[in-house]
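Subject: Handing over a structure

Hi,

Here is the structure I promised to pass on to you.

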Amino acid sequence: MFSEAKEHAPGHLHQIFADPYSAFDNLVIERQLHLRVALQALVCKPLENGRLTLRVIHGWENGGFEPADLAHGDYRIASLDDLAQVSNSHQQAIDIAASLPRDNVSLLAEPLANAIAAAEAKGQVFDEETRTIPARWPAFDQGLTLYTFFKVYHRLTYGEDDTYRSIHCRTLEGPREIHEFHLEEGEFAVVRPTEDATGNSVLVLHVSQLKPVRMLLEACRA
């Protein structure tokens, strides 16, 4: 189960850049070019092919990180106009203090309950800390995957010092790479199939990053 995920694992951008971990640093002269190339490969290509889902997360506030409180909405987008529509609808909800759009499916709480139930069915016994402390989740099958995504969602909500992070993860949909960015222009992650896997890519961001990431992608497409 400890092979389910690995942070700082080589991914697609390692085929493009000699060192993607330093390619987007503010002091790198060709930073903007590197960013444009990365976004073209990770976001624009699946967007143009109709294989990109936008995932907008929200619900965690004031340091909270309960799995049940994390809400999200998934949107199939095929253009930056589609992204703009999603951004505008969320902004309108924020402006009138209305509830943000959300899917009924849980990103963490339901998969966590299912993983624990499956482990219990195999005879594994859990204490309350293993159930409730994310760092304890790797003790059961699919737990490390859930913990990995938990950390990604947490960093996208509350921020992160590292500019870029590359992660390999074994999900129920197949093997995936997670490319996580924390830039001055915006913070987001892209979950994409590994080179030998199939499936759609997912652009993940916190609701507060809808406008910045939209502007970033428009600049890269210009």
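Predicted model: local features only at pLDDT ≥ 70, side-chain atom pairs only at ≥ 80, totals over all residues.

Is C44 buried or exposed? With a relative accessible area of 2%, C44 counts as buried, because the cut-off for that is under 20%. Setting aside residues up to four places away in sequence, C44 touches L39 and R221.

Helix 2 and helix 7 (residues 210-221) have their axes 10 Å apart and pack at an angle of about 100°. Helix 2 is therefore roughly perpendicular to helix 7, since angles of 65 to 115 degrees fall in that class. Which residues make the contact? From helix 2 they are L35, R36, L39, Q40, V43, C44, L47 and E48, and from helix 7 they are L216, L217, A219, C220 and R221. Sorted by class, this contact has nine nonpolar, three charged and one polar residue.

In soluble globular proteins, nonpolar side chains tend to be buried together. Here the largest nonpolar core has 33 residues, and F24, L54, F181, F188 and L203 are those with the most contacts inside it. At least two residues of this core come from each of helix 2, strand 2 (52-58), strand 3 (71-77), helix 3 (80-95), strand 6 (187-193), strand 7 (201-206) and helix 7. Which element gives the most to this core? The answer is helix 2, with six residues.

F181 is worth a click in the viewer. Leaving out its neighbours within four places in sequence, F181 is in contact with L13, F24, A38, L42, T163, Y164, G186, E187 and F188. There is also a second, separate core of 28 residues, and L70, F126, Y147 and F149 are among them.

Finally, look at H12, in the loop between strand 1 (5-7) and helix 1 (20-23). H12 has a relative accessible area of 15%, which is under 20%, so H12 is buried too. Not counting residues up to four places away in sequence, H12 touches A41, L42, E177, H179, R192 and E195.

Enjoy exploring!

Best wishes

Definitions and conventions
Residues numbered from 1 in each chain as written. Heavy atoms only, no water. Buried < 20%, exposed > 50% of the residue type's maximum accessible area, 1.4 Å probe, protein only. Contact = heavy atoms within 4.5 Å. Axes fitted to C-alpha atoms, helices over the stretch in contact; angles between N-to-C directions. Helix = DSSP H or I, 4+ residues; strand = E, 2+ residues; numbered from the N terminus. Parallel < 35°, antiparallel > 145°, perpendicular 65-115°, else oblique. Nonpolar A, V, L, I, M, F, W, Y, C, P; charged D, E, K, R; others polar. Core = buried A, V, L, I, M, F, W, Y, C linked by side-chain atoms within 4.5 Å.
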